[in-house]
Each structure stands twice: as C-alpha cells, then as structure tokens.
Amino acid sequence: MATLLPPPKRQKVYHGVPAPEPEPPKQSPHIVVQFVNEEDGQPLAPAVNLPANVSREGLEALVNKLNTKDEDPVPFAFHISLPADATTPGAPTRIAIAKSIEDDVLSHPSHAFTPEDVFVVHCSPQAVFKVRPATRCSSTLSGHTSPILCASFSPTGNLLATGAGDCNARLWDLFTETPSHVLSGHKGWVLCVEWEAMERKLATGGHDGHVRLWDPKTGKPIGDALKGHTKWVTSLSWEPIHLNPSAPRLASSSKDGTVRVWSTLTRRCEYTLGGHTASVNVVRWGGGGLNGKGVLYTASSDRTVRIWDAEQGRPLHTLKDHAHWVTTLTLNTDFVLRTGPFDHLGKKTTSDSEAQSLALKRYNALVSAAGELLITGSDDHTLFLWSLFPSRTSSGDASAAAAERGGKLKPLARLTGHQRQVSHVAFSPDGRWAASAAWDNSVRVWDGRTGKFVATLRGHVAAVYRLAWSADSRLLVSASKDSTLKIWDLKTYKIKTDLPGHTDEVYCVDFVADKLVSGGRDRTVKIWKN
C-alpha cells in the first residue's frame, strides 16, 4: 500500500490576505578593524577585515587569539573614540561596544562612521572576576541615634565600621549582617573611620580632636585617645603595608591646619606637618615617592595641595593651581593601598614579610604603567590630574622640565565641566577611570591616565555626595542628597539599578565584593546585594 502523503499545509492568511514573504537577512557590510592597546595606542595585531555584526564576545575571542602575549584568555572592554568634530558638548566622547560594531557604532546617532572607514578599536583588559550589581536591600540596621557620617569596609570585607553624630563608632558583622560592637569613647561626632590594611586595628577621628585606635576583634580601645589636635579631625590615613607591615603609622589631618603622624607602638606623635594656613581637609599616604619610602599628600582650604616626604616629614612640593578650597583628593593606588595583601582570591597570609611582598607585588603591578597619579577636586568646580612621581621605568623628562620652571609642577590635565563645587573624586581600582561627583547633581567619568572627559552620568535630582567603585572597576555607585543610591553601567553610561530606600540624604557609601553599604541622615545602615 502506497504511503499517504499528508495534505499540503494550509497557507496562513491574515484577514484574507496571505502572509508576506519572509525578509531575507540583511547583508552585513565587511569592515576593516584595527585593534590597539588602550594604554600606549600600539596595535595589538595587523588590521583585520571582518563582518560588522561580529558580537562583542566574538571580538574578545579574536583579540585573545591574535594577541600572543597572554597565555590565558583575558576579558576585554572595547571602545571607539568619536572624532572631535562629531562630539556634542556634554555627550560621551567614546562609544563602548556592547553588542557589535554594527549595532553600536554604525547605527550611532552621530553618524560619524561609515563602513568604508578603518575602525580603530581600543582594547582595555578587564578584571578576571566579575562583581554582580546589587538589586535589593538585604538588611536595614538601626543602632546609631543620629546621622551616620562615615562608613568603611574592612580590607577583607568581613567587617564594616560606621561613625555617626552620636559620638559612637559601630562595628557590624557582614556574614550575618548584625551589629557586633559599639566603640564608644569620643566626646564629639565621629567624622572618619579608617581600617589598617591588615585589619588588625581600626582608627577613628572625632569632632573632639582626638584620634582613637580600636581592636576590631574585641571592640575594645587600644589604649587612650591620641591627643594633640586643637580642632576636629578631618581625615585619617594609614601607612601602606608594603612599606611597614608590622606596625604601620597613622596620619591624621585636622581643621587646625596641621597633619600629625602617630606611631602606633609608642602612641606618640612622631612629627607634625605645619605649613597649611587653613583647615587640612584630606590626607593620603601614598606608597611611592622619591626613594619608594612613601609620601603624604594633603589638601587644604588654603587652596594648596602639599606633598611631604613621609620619612622625615619634610615638604617636597606645593601645588597652587586651585582657586578655591581643595576638598577632595584621590590616588590611583587608593584601592591597592587600602586592601594591602588581600586580593580577590581570598588567600590568607601567614607572616608580615609574606604580606609585605604580596602588597608590594600588587602595588608595583598598578604603578608600573603610569606611576602614582593624583586627582584633586575643589570648590572652584574643577579638578586637576597630577603625576608627581613618574613611574620608575619612564624617563626623567618631567622632573627636568619641572626644574626648568623653577620647580613648579604642571598638572597633566585640568578636568573641567562641573557647574558647582566638586564633592568627591575617586579613582577606579585598576586606575583606568576616575569619577567625580558634584553639587550640580551629576557624576562625571574621566580617563584615569590622561584626564580626558569620557561621559556625564545624569539621574540624581540633588547634590551627589559620595562615590564608590566595585573591585572589578566595572560598576560605579553614587550616594546623593536625594536619598537614593544609583549604580551606573559604564558600557552605556546610564543607570543600571536605582536603589531607593533611605528616607533622607545618604552621606556615605562603600562597595566590597558583591555588597554595598550606605548610611545617612535617616540613622540606618543599609546593606544591599544581588
């Protein structure tokens, strides 16, 4: 018996009209792509001809195949710089490739590129681990009885310290998200908390002018307060672990115009840096310097930034370019110095010398490219990028040029664009980006090596107070007077997640692993996670 064929398929009709013919897939143009290294602009491989619709993942695999230097595949981020005549003021100056060159570049509204151009794609290697963006508030911890002024994760990310206007600092356990200790002793608001990079001590500075040291394991004070400042303490900074692993010293800056460096062993003030004529707003202990022995950077309301040799406390430079109070300062090594020997692998160190070599390895890996860079932000609405100690590998041209100008150092770049006072500036952990927040409700992203403007992040409806970067430098979070936190996506320069929940201004924010913490005027600590 012959096999019966099924009847032919009925053609689908829409209201009596037969279905349109399926469109043939659109031909994708072939384009010539030149991959260049973002740092030095050197080509990674000869120019290649490929279809414009190759996905970002495909480009990444291709670069890893062409690039013979690294054995293991590295994740890359790709971007194409817009030509100067195609950029509109205030719009991003580069296009990040998120899907493919066809989707992101050829169909870009500026129409600056045609398939005939040679596409110069800048490749920047990314962290090998990925931080998940927080999406929900996992705990709201009350305990402080007045606004929370500062918050800081410990270097390993297991503990959190907060300081508030109720004269107490508090320690919180991040595994259980519960309070662990109350550190009471200050007679005024606790204005700053700072962890030693090996997590053995915690320092707090208060409105009473005292600096106190605490043992984070027991929550007990280590001795009495360190007294000497005549006005309140504005910021604290520990000596980097790769310089002094066993007993790092502590620097404190104050409204009284001085910076004091304390020895934690003798509990005495080793030396005082007097030279500023007004409040010193920020102190940072850098790891570089002339002979690699460390330097102190101080920013003050007398409109200057001063650089000191940390060994004897002698002045090295005075930077006088700002026209108003200098309120914030960041180093591209901040993250590495703060976390010392602890990296994303979570390895435990057994001895001080092992911790020192690990910390030194991490520090050198970061400064080998560009040296230790510094960005200062001021109430004159501008920021300056400085390279005072060019990397030890580069030539001595900069220092020779500075000597010709009578020792006056010139900034690498002036970062302009904010319309109001700059409230905070922060380098990303890998030093490739810098972000600045201001009272004009915006956050601006800059290239961390050259200081070139990259994009403006808009979305807050009130002043932005603080910024924090994720450890992989892919996410930026901002805290604002409008009571929200916002996580920004640096591929699109748009909001990735909005985190409302606080009932009043958010004064402080910090980012560790996959967790975010924030505190503010509503007296609660909120922990956010994915």
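Q: In which order do the four strands of the open sheet stand, and in which sense do they pair?
A: In this predicted model, the four strands follow the order 29-30-31-32 and form an open sheet with antiparallel pairing. At its edges stand strand 29 (422-427) and strand 32 (453-458), each of which pairs on one side only. Neighbouring strands of the sheet are turned against each other by 20 degrees on average, direction ignored.

Q: Over how many bridges do strand 30 and strand 31 pair?
A: Strand 30 (residues 433-438) and strand 31 (residues 442-447) are joined over five bridges in the antiparallel sense, and tryptophan 433 has aspartate 447 of strand 31 opposite.

Q: How is a pair of aromatic rings described?
A: The description rests on the distance of the centres and the angle of the planes. For rings whose centres lie within 6.5 Å, the count here comes to seven aromatic pairs. In one of them, phenylalanine 384 and tryptophan 386, the centres are 5.6 Å apart and the planes stand at 45 degrees, so this pair is tilted. Phenylalanine 384 is buried at 5% relative accessible area, and tryptophan 386 is buried too, at 1%.

Q: Which kind of aromatic pair do tryptophan 439 and tyrosine 465 form?
A: Their pair is edge-to-face, with 5.5 Å centre to centre and 70 degrees between the planes. Because tryptophan 439 lies in the loop between strand 30 and strand 31, while tyrosine 465 belongs to strand 33 (residues 464-469), the pair ties together parts that are 26 residues apart in sequence.

Q: Is tryptophan 439 buried or partly exposed?
A: Tryptophan 439 counts as partly exposed, at 35% relative accessibility, whereas tyrosine 465 counts as buried, at 13%.

Methods: Residues numbered from 1 in each chain as written. Predicted model: local features only at pLDDT ≥ 70, side-chain atom pairs only at ≥ 80, totals over all residues. Heavy atoms only, no water. Pairing = 2+ DSSP bridges. Helix = DSSP H or I, 4+ residues; strand = E, 2+ residues; numbered from the N terminus. Axes fitted to C-alpha atoms, helices over the stretch in contact; angles between N-to-C directions. Phe/Tyr/Trp six-rings, centres within 6.5 Å; stacked < 30°, edge-to-face > 60°. Buried < 20%, exposed > 50% of the residue type's maximum accessible area, 1.4 Å probe, protein only.
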